[in-house]
Structures are given as structure tokens and as C-alpha cells.
Amino acid sequence: MLSPSAIQWRLHCVVEPVALLDFQTKLQGTWQLLSKSDTIQQPQTGPSPHLETLPPALAQAIDPDGSQTERTDWLRLHSLLTLGYALCMILTLVLFGVYAALHWQAQRRSLNNRLASNAQLLASATQGRLGQYTVLADALAASLRRHPQLLLDPAALEHRLVQARGWMAGTAILRVFDAQGVILGATAALGPAFELRNTPQIWASLLQARSLGRPVVGPLVRVPALGTWVLPQIHFYPAKGRTPAFWIGVGIDRQAFNQFWSGLMSRQMGSNRLRQSEAFILVRQDGYVLARWPDVPATQFAAFYTRPQTGILVRSLQANESLSGADFHGVVHSINQERRGYWTRLGPGAPDLAVSVSLPAALFWADYWRTLAPTAAAALLILAMLTLAYVLQQQRMRTQAQAFHARHEELLSYNGQLRQLADKDYLTALPNRRYLMAQLSRLCDSVQREAGLRFAVAILDLDDFKRVNDTRGHSEGDKFLKVLSRRLQQALREGDVIVRLGGDEFAVLLQGITHGGDAMSACQRLVDCAGALVELNPQDAVQVTASLGLALHPEDGTEPEALLRHADQAMYAAKLAGKNLVQRFAPRMEEAAHAQQGAFDLLRQALAEHWLRLHYQPVLGISGRDVGRVIGVEALLRIRHPQQGMLTAQSFISALDAPHLARPVGRWVLQQALGQAQLWNAQGLDLCVMVNISTLHFLDSAWLDDLREALAGHPGVRPGQIEIELTESGALRDLDLAADVMRASVAAGVRVALDDFGQGETTLRYLQRLPTHAIKIDQAFVRDIIDDPRDYAIVAGLLHIATLMGLLTVAEGVEDPDTLNLLASLGCSYAQGYGIARPMPAEELPDWIQAWKPPILPRLSVHASPNLPEIQRQRFTRLYAAAEGRIPFPQRVMEADAERFCHLGQWLHGAGRFFYGNDSRYADIHRRHGQIHALAQRAKVAADAGDHARALDLVRQAQMINDTLVDDLERIVRGEPSIHADSPAPQ
């Protein structure tokens, strides 16, 4: 809400220029000077003391042709002032009316946004609360699946349910039903009326929710055995192994749930009058209300909660089943009150519930008029002030008309000085681009008249100057440019000129050049001078480097624009060559620039004209459980040119990282690849689709929105089926940001891999810091691994590193069966290349897969497990020392995901699962590994409490399990049967 003073200021900013626009145009600056003083001043004989700080844009002063007299100007000003006053009055009234309408819309939008925000917050909190009971049901279901005999033993089942009820506060009752809804066991005595099959309406909704894979909550029901009302939450668990399908019902104590619900409400209220009038309702799609704040009187409780409601909220819910949230406005007949509100559904996978927030419409109207009143008062004040200003200005103009002539002469004097500054840079006082172009034109004309006259143009650009502004501020950056410009000017030869083009870019005009070596020497002096230390103050000094490009006349151009363009191209070549260099223009630079621009134009036109296509290259599993199977395809971008035919990415690859093309192309590729994956899924062809995305797009703030939009638009794509491959055009300089984006992308439902690993600027720090799923080894290392021992060593080393880190590997550029066999023997996970298949259109892929004959690949010759026994031995040495209190426990012991990221866990979830995950003993290995971590956590708790004897005993138990686990793991790797019995549960 704007204050009256802010409204007045904004209206003033709008109406003031209307009245004075024509006057400013005619007198070109006179009015500003006249309005600074109420008295006539004598013209100054010297320049203004601040004139040298004015930018060249002010060089346009009044037209000194003397065609209009001061009297004519005064009469026009008087007419304009009167007209301006009338227009301001009208405009003020119009603006107030517009503001009132816009304010109404803003108030309504603000209310809807606040109600929506409250509803979404409450929906999230409610979903979280219900999710806790879902966790309880899932834990109980997991226990029943481990012990399916409990479903046949009512007494044992009831005992287990009684134990489980204590796992979660607020649980009033737990029930287990068979697949037909018959009660198998409960924590309280229930009659046949509580069997699911005896409530047809609820049974139908349960069957519908079962097909959607989500629980059902409500309606409220009174349990006579408990003497209380409960909120039932029912989950279905399909048959699995020896365990038949069953239902689990969690009865949430209604009083406990209301305490949680009321607590949420009280935190939302505060002291705001509108908030205190809000009402909150948790309702089912069929109209049953589960919770309400404020609650209904006790006399109306049963009537309100035990039958579906039919008010405006429920009608809005049922009329907008496809929406996740919507506002509503109508009369609530039960209290005969008009209310405004907003409802939002719980998130995906949650029960079909909605949270509604509403308040009386009368309060909204009262708040609107209350907030509009200051603006109305401000508008009246503006009208009064305009009238007063008009009267006072009329009197003032009569006096100031006498000073017009003197002021006019003063401005003429200023104008001459401003014209002298028109060719100078206002910050450094160096000549500017206008001056440079004039001198270049003069020299080019002189060369045509005088044979043998030569000169050169150089462009100098500071390297990473943005760092100075970012770390020290723009004022210090300006100070640095001033000092540096003076130094550069002193380093020039007599007759040479340096100009500032803008920012941190300078141009140098070298005259009287006899040969190219003189120009190169002069440019090298400039680069050395730019790289010297610059003291901004006694406590701070800055040092940067510079890149310089040189173009000579007439060898490198005969026109000013051509010389500047070629010097600029040479400067960019110096930056690409490593910076802090001098480069002279060469024709290949322009060819490269034209080729780059051609790639940009081609890709831009292809995107606009819909020439883009995707071809798909199969990816073959060559070791582990996917050996011989085509597990997926890589989507490769092509351009179908109407004249040139199908163009590969080599024709436009340099343009894929252009800032204005990276995101549009990435979005197109993402949408097309997901659409094709969904189509293949519908055809029964299960393939992982690997999509190349530029790092520029991936690190863009809009990437996650683009990804979620694409996934939401293709619900037929299963989670994890899409793999994002980061094309490595440059280093991921902000690894923390890249890691956050990767984790968010994985959470959204895709996997992430590093493409072309080993080329460009990728480093092993990427593997250390980034949560990537796989690496693709660049084809430059793969092609010659048979003939080049260095390539072989690099590939083998990368494969070993990936195995230790639990990463999958894809070898690119496999051209022949021998290379494929060698990679398989080294334990590479997947391979792709022309030796397997060339990229092909999507419609050709199913026939190719059907005709595909898996090759006979050699068994893994390199040991697939790392030195886990020694690693585990060293870790237990530290655990013993920690249990005795000699050293702290490892930091990750108490983390929830500790067993996922220890050495053994990382291997078990990565390379170990890939190579040996099909072994029936592998699940038991995981179970025992979890026991080890559980014992370690208990040992830390005991050690922290000072019970070191108990801690040591727990560590010994963990080591016993570890020794048998490692031995069995080695036997799985060697293909031998296990000899150890199932380890006992920890005591």
C-alpha cells in the first residue's frame, strides 16, 4: 500500500512533464536554470565550476539563431502554463480513478494470493502430518511382509498392532484388513460395521484410490470401544512374494489432530484483523469435512461431520476436479454470510483432500475503503497544490521574463564549452569513439593522397575486469580506470592516440608506422603497462591483465569500420589464446568469425523454421546385468536443411552454447526426447533416453522450471528414464550451484551424467563434488586403447575410479568389435559408437532393435570390487578407538544416509549392484550392511553417555557381522556359494 506522499510524488512525476514538455523543447534547458532562483542573477563570465563533470550528451544547447524574441517565448510559456494547469487537474482526477480501479484489483489479487499462500502452507503441513501416519503404516506393512504368518494369527497380529500404535503419537487405533475388506486384527474391539466391505461408498472410494496408489482419509467415525472420534487413514499394500494383499487402517485421534490443526491456525493469525476473521476447513472431494477452525459447537458436531456438505466450497471443489487450487466467492447459507476464499488440494500421491481458507467479504470491502482514503486525501491535496503553484508561478513569470536575455547569453557561453567536451569520455577525459571515427576517416583520406603513409588500429580489453567491480565496487573500478588510462596515455609514442570505447575497452591509433614490428612493440608496451600494479589507495592495489588486437592499414583494411572490426577480432583471438597477449589480425580470424556467425544464423533459422530433428544412437550394455542388451539411446541433434539435406551437429556445435540459443534449443530437445520416450513406452519399448543439455542452460535459473514443465507434459515417462548429459563446453565454475541443480534435477525425476569426460576443462573435482550418476568417456581416449598404451591407461584408470565411486560408465566412439571386447573385459558398463550402430531416426529404431543380435562378449577380467576388506579393517580400527573415547566418532555415523555414502555402501549401491545385483544373496548383503551402521550409531550414543564398555561390545558385534559380510561378498564376486548363516539381529 503506497503512502499519500508516495502517491502525490508519483502523480507529480506524471503530470509535471505534460505541462512543461513543449517549453523544454523550445528553450532547451532554460527553464531548469530559471527555476533555481527567485531573483535575477548576473551572467557569469567564466565557465561553470562543475562543467567539466557534465557528460557529452548535454552538448546540445539552445539554438542561437535569434529567430524568436523573449516576448514570444514568454507568451508561449504563459499559454503552456495555463494549458498545463488544466491538463494536470484533469489528469489528476483520471489517475485517481484509474488508481482506485487498479487498487481494487490489487487488493483482490493480494487477498487471493494471501489466502492461497495460507491454504498451500496449511496443505503442506497437513500433508506432512498425514505423511507421518503413512510412514507408520509403511513401517507396519514392511513388518507384516517380513512376517506374513502374522496375517494368519489374530493374537500375534493384535500384539504387533499394539506395539506399532506406540510408534506414532496421536494414533488411536490400528486395523488390518484382507484384500476383501475383512478385519484381520485391530487394537480395539470392532464390530462388523467397521469392516470395509460393509460400507459400499467408502469401499468404492478405496478401490478407486488403490488404482491411483494413494491412501484414503476420512470421513470421521466414532469408535464406541474407545469412546472417541477418530480420523481413519487407510492404505493398500499389494501382494508381494508370499505376502497376500492387505489394507492397513490408521485411526488418528480426532482430538490430537484438532490440536495440531488449531496450532497451525493460531500461528497464522497474528494481530491482523483480516487474518483473525479467517476460517479454515479440511474437506474431502465428496464433501465430508474432516477438520474446521473455528470448530462447530458440540451440539452440531455429529450433524456437521457425519454427512457431506453442499456449500459453495464443495461445489467449487467438485466443479474443478482437474485444478490443484481455485478461489471461490459466494454466500454461506448456514450463517447467511457472503465470504471470499481459496482452496488448494494436497500434493501428488497424497489423499484426495483440500484445505480452504475464507473470510467475510464485508471485511474485505471495509479494508479496501480504509486503504483508499489516504490516496483520495492525497489527490485532493495535489489539486490544491497545483492551484496554488499555478497562481504563484504566474506572479513569478512576470519577474523572471526580464532575466531571459541574460540567461540566454549565459547558456550560449556554456554551449561552447560543452561542444569541446562532446569528443571526450566523461570519466577518463580521453577521446571517445566519435573522435576516433573522425580521426580514422581523416587518416584513410590522407593515405589516398599521400603514398607511403601507414597507421595501425589496436583494440585493448582488460581481462576479468568485472572482478574488480564485483569485489571492490563500481566507484573503485572507476578510480582504477582513471589511473590506468593515464598510464596508458603516458606509454604511447608522440602522435599516438588512445580513446575509451566504453567499459574496460580502449582503442589505440598508432600513426607513422614504418613496418609491423613497430606496431607490435608499441602494443606490447601497452599490454605490459596494463598488467602493472595499480594502487587505488595506500592499503589497496589491483592488478589485471589485458588482451590486445592489432590491425594495420592498408594490409588489414582500408576503411575505418573494417579496421576496427579486424582489430576487435584479433583481440578476441588473443583472449582465446590465453589472454594477456598481443595478436595481429589474420584472415583466418575473420573466416572463423564468419563461420561462427554462420553457425549462429543456421541454428537460429533452424529453430525458427522447424528444421531441427533428433536422431537416436543405441547404447549397449557390455558388462554386468545388462550385458548384450540395448538399454537406451542418446538423442543427437540434427538439422534437416531444405537445400543441404541432413546436417550433423558439427555444422552448428559452436552455436549451441550461445546465451540466446542455449535455452530455446535445450527446451526443444527436452520436449522432443520426452515425447519420443513416452511414445516408445506406449509401444512397449522400454529405453532410457539420454539428452544433451548445454551447461549454460543447465545452470540457468529457468532450467528446473523447463525440466518440470517437460516432465509434467509427458506423464507416460517413468522416473529415471531420462538422463541429462551435460555437454562440456566449459568448466562448471560454480560447483556448489551445479551440485544443487543436479540434486534438484534428480529429485524432479531424471538422472545426470557428465558427457565427453576428460576433454576440455573437466577435472576429477567434478566427480568429487557433483552428485552425478554416470560419466561418458570421450571417444578421443576410446578409439586407440588397443594401439596406444596411454589411452588404455587413462580409460582403465577412469573405469577403476568410477567403480570405486559407484558410477556407471559409457564409452563413446566404439568403432570395432575388438575395442568393444576390451572395454567389456575392463568392466565398462555401456558402450556406443558406429561399431554398434549409427544414429538413426526414431521410426527406424524399433526394427533395428528387433533385428539386433547380441555379441558374445568376454567376461570381466579385472576384479570388480575395490579393496573393501582393508578399507573396512581400517574403519573398524577407528571405531574401536572412538568407542574407547580416544578419538571422536566419524562425522557421518549418525547421518540418516550414512550407509549410502560409506565406502562399502557406495560400492553396493553403484558398481556392486550393476555387476552382481541379480544375485539372490545381494539383498541380504544390504541388510547386514544396515545392521553394521545401526550398531555403530548405538555405539556412538553409548560412548557419548560415557558407557564405553557397552560401546566396545556393540562395535565387536558390528565387526562380527562385517567379517562374514565381506567374506560372502568376495565369494559372490568369485562366483562361489556362501558358507555363513544368516547373521543374528543385534542385541
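This is a predicted model: local features need pLDDT of at least 70, side-chain atom pairs count only at pLDDT 80 or more; totals for chains, interfaces and linings use all residues.
Of its 987 residues, 47% count as buried. The accessible surface of the chain comes to about 48,400 Å², and carbon and sulfur atoms account for 54% of that area.

Contacts across the sequence are also described by their separation. Among contacts in the chain with a separation of 6 or more, 67% are between residues 24 or more positions apart.

## Salt bridges in the chain

Side chains of opposite charge can pair when their charged atoms come close. In this chain the count comes to 32 salt bridges. Some salt bridges are linked in a network, which includes E634, E725, K776 and E812.

## A pair between two loops

R214 and D352 form a salt bridge in which the closest N and O atoms are 3.6 Å apart. R214 lies in the loop between α5 (200–212) and β3 (216–217), whereas D352 lies in the loop between β10 (337–345) and β11 (353–360), so the pair ties together parts that are 138 residues apart in sequence.

Both residues have intermediate accessibility: R214 is partly exposed, with a relative accessible area of 28%, and D352 is partly exposed, with a relative accessible area of 30%.

## A pair between two helices

A salt bridge also joins the side chains of D736 and R769, with an N to O distance of 2.3 Å. D736 belongs to helix α21 (residues 735–748) and R769 to helix α22 (residues 764–769), so this pair ties together parts that are 33 residues apart in sequence.

D736 has a relative accessibility of 47% and counts as partly exposed. R769, at 31% relative accessibility, counts as partly exposed as well.

## A pair within one helix

D944 forms a salt bridge with K940, and the closest N and O atoms of this pair are 2.8 Å apart. The two residues are four residues apart in helix α31 (residues 922–944), so about one helical turn separates D944 from K940.

D944 is exposed, with a relative accessible area of 56%. This value is over 50%, which means that D944 does not count as partly exposed.

Definitions and conventions:
Residues are numbered from 1 along each chain as its sequence is written. Side-chain values use heavy atoms; hydrogens and water are left out. A salt bridge is a side-chain nitrogen of Lys or Arg within 4 Å of a carboxyl oxygen of Asp or Glu. Buried means under 20% relative accessible area, exposed over 50%, partly exposed in between (1.4 Å probe, protein chains only). Contact means heavy atoms within 4.5 Å. Accessible areas come from the Shrake-Rupley method with a 1.4 Å probe; for residues, only the protein chains shown count as cover.
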